[in-house]
Amino acid sequence: MQLSLGLARSPLESVRDALLCEFGPQRPVARMDPISQLVKASISGRTQDAVSWAAFLRLRAEFKSWEDLARAPVAAVARIIDDVTFPGDKARHLTTALKMIEAKVGWLSLSHLKSLEVDQARWELQALPGVGVKVAACVLNFSDLGMRALVVDTHVDRVAKRIGLVGSGDTTHTYHTLMGLAPDAWTTDDLFELHWLMKRGLGQMLCPHEGPKCGACPVKSMCAKAGVGQSADVLAWKPRG
């Protein structure tokens, strides 16, 4: 539910402000083109960032262009990215998705998405194999499209539920709920920053899957689960209300 008239403060603003005080401002250093971002995001699911970045750089070194990647045998692509999770599925989905873009657009480009509404652009991306709400948001927000979409990965989804910003549901539900809580004035860069703060700062440094460091958490006063020591208890917790 979108807050109106600026009279009420979104709880997401309070979370963002507390994390900013702890970790400081975060802004993108550089943005890739949308196809490169699609390639990177498509191989990153359930894989550590260092591993997926290394796999992405191997792809970029192996193929002169992403058009060459689209035409490469799936098995060859899977071998190059063999240390990411589910390399065979990701290789098949990625090469198929690139071919589908070429067939629809006439060449391998996603620049036309910039002229669409964010949700329309997201739906078009999610029609591609292997592209869910997270990958679509990565392409829209992280690339030089610079569109207003929040990337909700497993870390953001987990901490949003632990804090009580969202209830039960999948990452699509979390995405829509958090976007509804985000003030209209927040820009693309603000949503990039929120992703970084919730993923890296909170999700990976302070509130991992097991052993959350509640004593050091800047949002503990807003979290009904603060002080829970066992992951089983954390996961069993439900928001009050």
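Predicted model: local features only at pLDDT ≥ 70, side-chain atom pairs only at ≥ 80, totals over all residues.
Residues are numbered from 1 along each chain as its sequence is written, and side-chain values use heavy atoms, leaving out hydrogens and water.

**Overall architecture**

- The protein chain has twelve helices and zero strands (DSSP runs numbered from the N terminus: H or I of at least four residues for helices, E of at least two for strands).
- Along the sequence the pattern reads α-α-α-α-α-α-α-α-α-α-α-α.
- A compact globule of 241 residues would have a radius of gyration near 18 Å; the protein chain has 19 Å, which agrees (taken over C-alpha atoms; the globule rule is 2.2 Å times the number of residues to the power 0.38).
- The C-alpha atoms fill a box of roughly 55 × 40 × 30 Å along the principal axes.
- Buried residues make up 48% of the 241 residues (buried is under 20% relative accessible area, exposed over 50%, partly exposed in between, with a 1.4 Å probe and protein chains only).
- Of the contacts with a separation of 6 or more, 63% join residues 24 or more positions apart (contact means heavy atoms within 4.5 Å).

- Helix α8 spans residues 133–142; nine of its ten residues are buried, so α8 is largely enclosed by the rest of the structure.
- The buried set is Val133, Val135, Ala136, Ala137, Cys138, Val139, Leu140, Asn141 and Phe142.
- These buried residues pack against α2, α7 (118–126), α10 (171–181) and α11 (188–206).
- From α2, Pro34, Gln37, Leu38, Ala41 and Ser42 make the contact; from α8, Val135, Cys138, Val139 and Phe142 do.
- That contact divides into seven nonpolar, two polar and no charged residues (Ala, Val, Leu, Ile, Met, Phe, Trp, Tyr, Cys and Pro count as nonpolar; Asp, Glu, Lys and Arg as charged; the others, Gly among them, as polar).

**Helix α2 against α3**

- Helix α2 (residues 34–42) packs on helix α3 (residues 49–62) at about 130°, with the axes 9 Å apart.
- That angle makes α2 oblique to α3 (under 35 degrees is roughly parallel, over 145 roughly antiparallel, 65 to 115 roughly perpendicular, the rest oblique).
- The α2 and α3 crossing is right-handed.
- Ser36, Val39 and Lys40 of α2 meet Ser52, Trp53, Phe56 and Leu59 of α3.
- The α2 and α3 contact holds four nonpolar, two polar and one charged residue.

**Helix α9 against α10**

- The axes of helix α9 (residues 154–163) and α10 come within 10 Å and cross at roughly 65°.
- α9 and α10 are therefore roughly perpendicular to each other.
- α9 passes α10 in a left-handed crossing.
- Val156, Asp157, Ala160 and Lys161 of α9 touch Thr171, Thr174 and Leu178 of α10.
- The α9 and α10 contact has three nonpolar, two polar and two charged residues.

**Glu13**

- Glu13 lies in helix α1 (residues 11–23).
- Glu13 is buried, with a relative accessible area of 17%.
- Leaving aside neighbours within four places in sequence, Glu13 contacts Pro183 and Trp186.

How values were computed:
Axes fitted to C-alpha atoms, helices over the stretch in contact; angles between N-to-C directions. Left-handed = near helix turned anticlockwise from the far one by under 90°.
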